[in-house]
Amino acid sequence: MGEDAESPKINHTFLRDYVTEADVISTVEFNQTGDLLATGDKGGRVVIFQRETESKGELEEVGETGDSGEYNVYSTFQSHEPDFDYLKSLEIEEKINKIRWLPQQNAAHFLLSTNDKTIKLWKVSERDKRPEGYNLKDEEGRFKDVSTITSLQVPVLKPTDLMVEVRPRRVFSNGHTYHVNSISVNSDGETYLSADDLRINMWHLGITDRSFNIVDIKPANMEDLTEVITASEFHPHHCHLFVYSSSKGTLRLCDMRASALCDKHTKLFEEPEDPGSRSFFSEIISSVSDVKFSHSGRYLLTRDYLTAKVWDLNMDKGPVETYQVHDYLRSKLCSLYENDCIFDKFECAWNGSDSVIMTGAYNNFFRMFDRNTKRDVTLEASRESSKPRAVLKPRRVCAAGGKRRKDDISVDSLDFTKKILHTAWHPNENIIAIAATNNLYIFQDRVNPETQ
């Protein structure tokens with residue numbers, strides 16, 4: 001990524017002219033093949049995009065440029081509605097916190113979506129035929145008089161316009177006292193976990209009325225509470241392993257073979273703190289906002305406020321790689337604390353080969369780091385660059401008082417209301433999805449193979 005890398009090109013963008021709170025995108029997720037992309041928003045809606053398949057002639061033409069099919073809206077449905085907890089007198093927002101796709105077993109697709117309290121399993125299927133020629137019904141669906149039926153016919157299926165049906169198959173409720181921040185599907189394809197601030201539960205996809213508590217860090221006296229769970233994920237290959245992160249910047253790897261209740265971790269990953277650099281903001285900025293296993297299962301990728309870190313499961317003494325996402329903000333932590341931006345939760349993502357990582361920043365900037373070449377790039381998702389096949393130019397932020405080059409942007413000019421919190425990377429190709437407030441950008445990242 002750098003001088004030898006071509007700039008990413010826009011594949012497709014979905015822009016909304018008017019910003020309402022309900023339209024703000026709160027999660028983005030590709031399915032296992034990358035052909036479907038789901039987004040959830042604060043209004044409780046889920047929008048699914050499908051990658052268009054090209055004809056043979058189009059494929060030959062596309063092959064010369066390296067571009068691929070665009071993503072178009074496939075289905076939109078209301079996943080969650082606002083609710084009210086009468087016992088605690090609390091409103092439950094409809095905002096979609098996470099979406100996770102289940103591995104595809106047949107022609108239908110299944111996904112999990114969750115708000116703060118309730119997890120739902122949805123079935124997404126297509127129908128392009130309808131039955132005709134019933135014996136007991138007429139063409140309008142009304143029942144016939146049996147005495148008028150003199151012969152029997154075999155009903156047939158006739159082609160009709162394609163319909164995408166989305167139906168709720170399971171509703172998993174009453175499993176969490178606190179706000180759900182993570183869901184993760186297990187590699188066994190039968191179970192999944194859900195995590196809130198203090199507990200992690202494991203569910204069977206076929207059982208909705210009970211879950212099994214596997215982590216509980218709630219102290220007997222809430223005044224003794226020192227940390228909360230911020231994210232959790234199952235290992236991609238080993239169904240007995242999962243990891244969860246905390247607000248203290250630690251990662252705990254748990255093995256369900258060792259104990260049914262995993263309050264005692266198998267491994268603890270943390271970075272020793274430098275006493276000389278400790279400040280009032282140290283604990284806040286060290287809180288892990290996202291954790292992701294690499295596709296190989298060997299590494300963990302975490303994101304805190306200022307950095308992205310890669311951890312080796314075999315080395316728990318500290319991260320093996322640390323990438324500064326926006327270190328120029330270190331001098332502005334006081335003002336970021338006052339406007340609450342310091343509590344923003346940025347997500348991170350691996351590319352398909354685990355060689356490049358991606359995460360968001362402010363001013364609609366997002367960052368990519370090549371683990372092999374140690375090169376990095378800052379790119380911007382904006383309306384100005386949203387023309388089809390437009391080339392994204394690398395951006396550079398200079399610290400206050402620093403020497404500026406042409407097209408550099410000063411840290412004092414950053415717009416902290418424009419932030420890239422949610423990103424996703426296609427599992428096999430260099431296609432990325434960027435959620436910028438209420439706009440979705442889908443880019444094709446054309447990176448020179450030598451830099452990967």
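Since you're looking at a predicted model, local features need pLDDT of at least 70 and side-chain atom pairs count only at pLDDT 80 or more, while totals for chains, interfaces and linings use all residues.

**Stop 1: the second largest pocket**

Select Glu29, Phe30, Gln32, Glu233 and His295: of the 31 lining residues, these are the closest to the centre of the second largest pocket. The space in there comes to about 910 Å³. A pocket here is an open set of points on a 1 Å grid over the protein atoms alone, where a 1.4 Å probe fits and protein lies on both sides within 12 Å along at least five of seven lines; lining residues have an atom within 4 Å of a point. Points are joined across faces, edges and corners, and the volume is the space filled by probe spheres set on them.

Colour the lining by class and you get 14 nonpolar, eleven polar and six charged residues. Nonpolar means Ala, Val, Leu, Ile, Met, Phe, Trp, Tyr, Cys and Pro; charged means Asp, Glu, Lys and Arg; the others, Gly among them, are polar.

Which strand gives the largest share of that lining? It's E2, with four residues. Other elements that give two or more include strand E16 (229-234) and strand E30 (420-425). Strands (E, at least two residues) and helices (H or I, at least four) are DSSP runs numbered from the N terminus.

**Stop 2**

Now select 25-30, which is E2. Six of its six residues are buried, so E2 is largely enclosed by the rest of the structure. Buried means under 20% relative accessible area, exposed over 50% and partly exposed in between, with a 1.4 Å probe and protein chains only.

Pairing takes at least two DSSP bridges between strands. Val28 sits opposite Thr39 in E3. Five residues separate E2 and E3 in this hairpin, and Gly34 in the turn has a positive phi of about 85°.

**Stop 3: a four-strand sheet**

Jump to the open sheet ordered E24-E25-E26-E27, paired antiparallel. E24 and strand E27 (376-380) are its edges, each pairing on one side only.

**Stop 4: His176**

Select His176, in the loop between strand E11 (156-172) and E12. Is it buried or exposed? His176 is buried, with a relative accessible area of 9%. Show side chains and draw its polar contacts (N or O pairs within 3.5 Å, one able to donate a hydrogen and the other to accept it; residues adjacent in sequence count only if both atoms are side-chain atoms). The His176 side chain contacts that of Ser194 at 2.6 Å and that of Asp196 at 2.9 Å.

**Stop 5: two positive phi values**

Asp340 isn't a glycine, yet its phi is positive, near 70°. Find Asp340 in the loop between helix H3 (333-338) and E24, partly exposed at 48% relative accessible area.

Finish at Thr437, another non-glycine with a positive phi, about 60°. Thr437 lies in the loop between strand E31 (431-436) and strand E32 (439-444) and is partly exposed, at 26%.

Note on methods. Residues are numbered from 1 along each chain as its sequence is written. Side-chain values use heavy atoms; hydrogens and water are left out.
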